Amino acid sequence: MSDDIDVELEQAVAEFYQSLGIHQGPGDIQYRLILKVLGRNEGKITEFSEIRKYTDQFADKGSIGSKMKTVFQLEGLVEKVKRGGYVITDKGITASNFLKDSTAFYKKNKRMGEIIERMP
Amino acid sequence: MNAGLLVNATICFAITISSFAFAWVLARSEDEHTDKSKPALWSLVILWSLVGLTYLPTTIRMVAAYLGRENLDLMMYSLAAIPFSFVAVPLVFFILYVIVGNKKISAYISLLFVLFGASYLMLLFTKGVIGPFVSNYSSLFTINSDIAINIYLMGLFVIPTAMIIGFLLLIFLQKMPKHLRYRTALPLVAISFVFDFMLTDMITMVDVMQLVARIFVLIGTVQAFLAYFPPLTLQEKLGIKKYQYELYDDEDLDIDVEDDLDV
């Protein structure tokens, strides 16, 4: 798995889904970035500070903390193992795989859109 | 002298006129296209012009065969071979540009097909042709070089046809609006039709097959025209007619929502 998270790409993908009326999940940049960091650290503890490294430009500490609690912990995508430390669950891995599919769909759609744009 | 050759000449003339007309209509629509689609548009204009330029001398060739002028027949065959040899060039550029989106890469790869065309022409003119074999329906020539026929089949026929089929598959495997699928797939099918039957026309040694190939080239040209400018009835039949509508006032929409809530 690649260590780099392309924030700009994630933002573009989120905006694409928002333009389709999907504002939650794949259309939510915070959700995408949190899940990306968690997915990258599969089998390891993810520190809250590591998540904030990517999310700070989009949201404050409070809203990320709230999202962790109300979405990720509540739905069982992560388990809190210590103060500010989370481990992704199997369900979380499923969500992470779905996120990868959503990126692939965005890329496929974009590529096809460009092809159609070039067709006279 | 027989009427079959005149029928053949008429079909060739119809192909010439419709190809030139289509190229002209496409060129005129330049302003309606974006900068991104203009290179592909111009490659199509060149492609259809080359089809027209191939069938113009072929028309004269058929009339020459009808009149029993063998020299003119041969001269026109040689003349028609020049635009024909380069038909694959704009076609390859068109497909590559639309898929890849890079003008330079598409141009460089198309150059390779210029080389194929040039070597085919060189062999054609140096080794000569055998013929004409004038029959009831056609006048046929055969190239006196196996290498030329191989270049012709591999370079000018198999690779561009494979590209078209690949591109068509790419379109059919995507989920897209019906009108876009129609708009992208039908011109490709038409180009493939024209291109493949042009090659059949040039290589065949069966007179009826040549006539049938030319009829299909004509059908392909008309099909390409319909792909870009579909008549209303065809749009309705294919379910791609654009619904004419005016935007509904937002204030009215709010009232409707309130009414719904009251219910």
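The model is predicted; local features need pLDDT of at least 70, side-chain atom pairs count only at pLDDT 80 or more, and totals for chains, interfaces and linings use all residues. Residues are numbered from 1 along each chain as its sequence is written, while chains are lettered from A and ligands numbered from 1 in the order in which they are written.

**Sheet of chain A**

I looked up the strand order and found an open sheet of three strands, E1-E3-E2, with antiparallel pairing. Strands E1 (46–47) and E2 (78–82) of chain A stand at the edges, each with a single partner strand, so one side of each has no neighbour in the sheet. I took strands (E, at least two residues) and helices (H or I, at least four) as DSSP runs, numbered from the N terminus; two strands pair if DSSP finds at least two bridges between them.

I then checked each pairing. E1(A) meets E3 (residues 85–88) of chain A over two bridges, in the antiparallel sense. E2(A) and E3(A) are antiparallel and joined by four bridges, and A:Glu79 stands opposite A:Val87 in E3(A). E2(A) and E3(A) form a hairpin with two residues between them, and A:Gly84 in the turn has a positive phi of about 70°.

**Segments of chain B**

I consulted UniProt, whose unreviewed entry lists "transmembrane region" for residues including 39–56 and 76–100 of chain B. Its positions are given in the numbering used here, feature names are shortened, and annotations may be inferred rather than shown by experiment. In the model, residues 39–56 of chain B are 100% helix and 0% strand, with end C-alpha atoms 26 Å apart. Residues 76–100 of chain B are 92% helix and 0% strand, with end C-alpha atoms 38 Å apart.
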